[in-house]
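Here is a short briefing for a reader meeting this structure for the first time. Topics run from the overall fold to single residues.

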Amino acid sequence: MAERLAPEVRRERILDTALAIIDAEGHRRLSMAEVARRCDMSAPGVMHYFPDLPTLLVALVRRRDERDSAEFEASLPPAADARTVLDAIVANIAARPRAAQLFAMVGADALDPAHPGHEYFRDRADRLAAQLARWLGDQDHDRARRVFAAMDGLQVHFLRDPENFDLMDQWGATADALLGPRT
């Protein structure tokens, strides 16, 4: 019999279990049935919290964003400049390719306005561009959007061929072109 847990604890356990599956086996191995089995629940029980796989995947991307933000805040110097933060983001992509692949795949699916993650990804892009523009001292978000577009493109190339694409080297050259060389 399944352990009785508070709804918020059960939801967190589902997310933790799904992330563990992705980290170990990749996002293609994730299914509602497998999450339910590993959580000692029924699939309808999991669907009480996440009605379908796309909704669960968006929640996992949100969880990844929260986890990464907390780690960045703890590891970066208090007055880190934009380039240092961006370098850390790219290093995180290189260190966690399965999480990056999940982000890229769900983000691509969320291009469809009917996808449950469409608004999240759109709002996330706007929020991050505004934050980066402030760090860069820009009045508009155009350069910030170009930086993130470049990061997204580099990420895709890296995920497609991680053995032959040096993400950090390519990012360094791209960041120098967009932000100016490191001083």
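**Overall fold**

The protein chain has nine helices and zero strands. Helices (H or I, at least four residues) and strands (E, at least two) are DSSP runs, numbered from the N terminus. This is a predicted model: local features need pLDDT of at least 70, side-chain atom pairs count only at pLDDT 80 or more, and totals for chains, interfaces and linings use all residues. Residues are numbered from 1 along each chain as its sequence is written, and side-chain values use heavy atoms, with hydrogens and water left out.

- Along the sequence, the pattern reads α-α-α-α-α-α-α-α-α.
- The C-alpha atoms fill a box of roughly 60 × 35 × 35 Å, taken along the principal axes.
- Of the 183 residues in the protein chain, 39% are buried. Buried means under 20% relative accessible area, exposed over 50%, and partly exposed in between (1.4 Å probe, protein chains only).
- Take the contacts (heavy atoms within 4.5 Å) between residues at least 6 apart in sequence: 62% of them join residues at least 24 apart.

**Nonpolar cores**

- In soluble globular proteins, nonpolar side chains tend to be buried together.
- A nonpolar core is a set of buried Ala, Val, Leu, Ile, Met, Phe, Trp, Tyr and Cys residues joined through side-chain atoms within 4.5 Å.
- The largest core has 26 residues, and I14, L30, V35, L56 and L60 have the most contacts inside it.
- Helices α1 (7-25), α2 (32-38), α4, α6 and α7 each supply at least two residues of this core.
- A second, separate core has 18 residues, including A82, F148, F165 and L167.
- V35 is in contact with I14, T17, A18, I21, L30, V46 and L56, leaving aside its neighbours within four places in sequence.

**Largest pocket**

- The largest pocket holds about 1,300 Å³ of space.
- On a 1 Å grid over the protein atoms alone, a pocket is an open set of points where a 1.4 Å probe fits, with protein on both sides within 12 Å along at least five of seven lines; lining residues have an atom within 4 Å of a point.
- A volume is the space filled by probe spheres set on the points, which are joined across faces, edges and corners.
- The lining has 41 residues, and D65, F103, R124, L128 and F148 are the closest to the pocket's centre.
- Two or more lining residues come from each of α4 (53-75), α5 (82-95), α6 (97-109), α7 (118-136) and α8 (142-160).
- Helix α7 gives the largest share, twelve residues.
- The lining divides into 24 nonpolar, six polar and eleven charged residues. Ala, Val, Leu, Ile, Met, Phe, Trp, Tyr, Cys and Pro count as nonpolar, Asp, Glu, Lys and Arg as charged, and the others, Gly among them, as polar.

**Aromatic pairs**

- The whole structure has two aromatic pairs. Rings of Phe, Tyr and Trp (its six-membered ring) pair if their centres lie within 6.5 Å; planes under 30 degrees apart count as stacked, over 60 as edge-to-face and the rest as tilted.
- F103 and F121 have ring centres 5.4 Å apart and planes at 50°, so this pair is tilted.
- F103 sits in helix α6 and F121 in helix α7, 18 residues apart.
- F103 is buried at 10% relative accessible area, and F121 is buried at 13%.
- Y120 and F121 pair edge-to-face, with 5.7 Å between centres and 85° between planes.
- F103, Y120 and F121 form one aromatic cluster.

**Single residues**

- D40 is not a glycine, yet has a positive phi of about 55°.
- D40 lies in the loop between α2 and α3 (43-49) and is partly exposed, at 47% relative accessible area.
- E12, in helix α1, is partly exposed at 35%.
- E12 and R63 are 51 residues apart in sequence and 9.6 Å apart in space, C-alpha to C-alpha.
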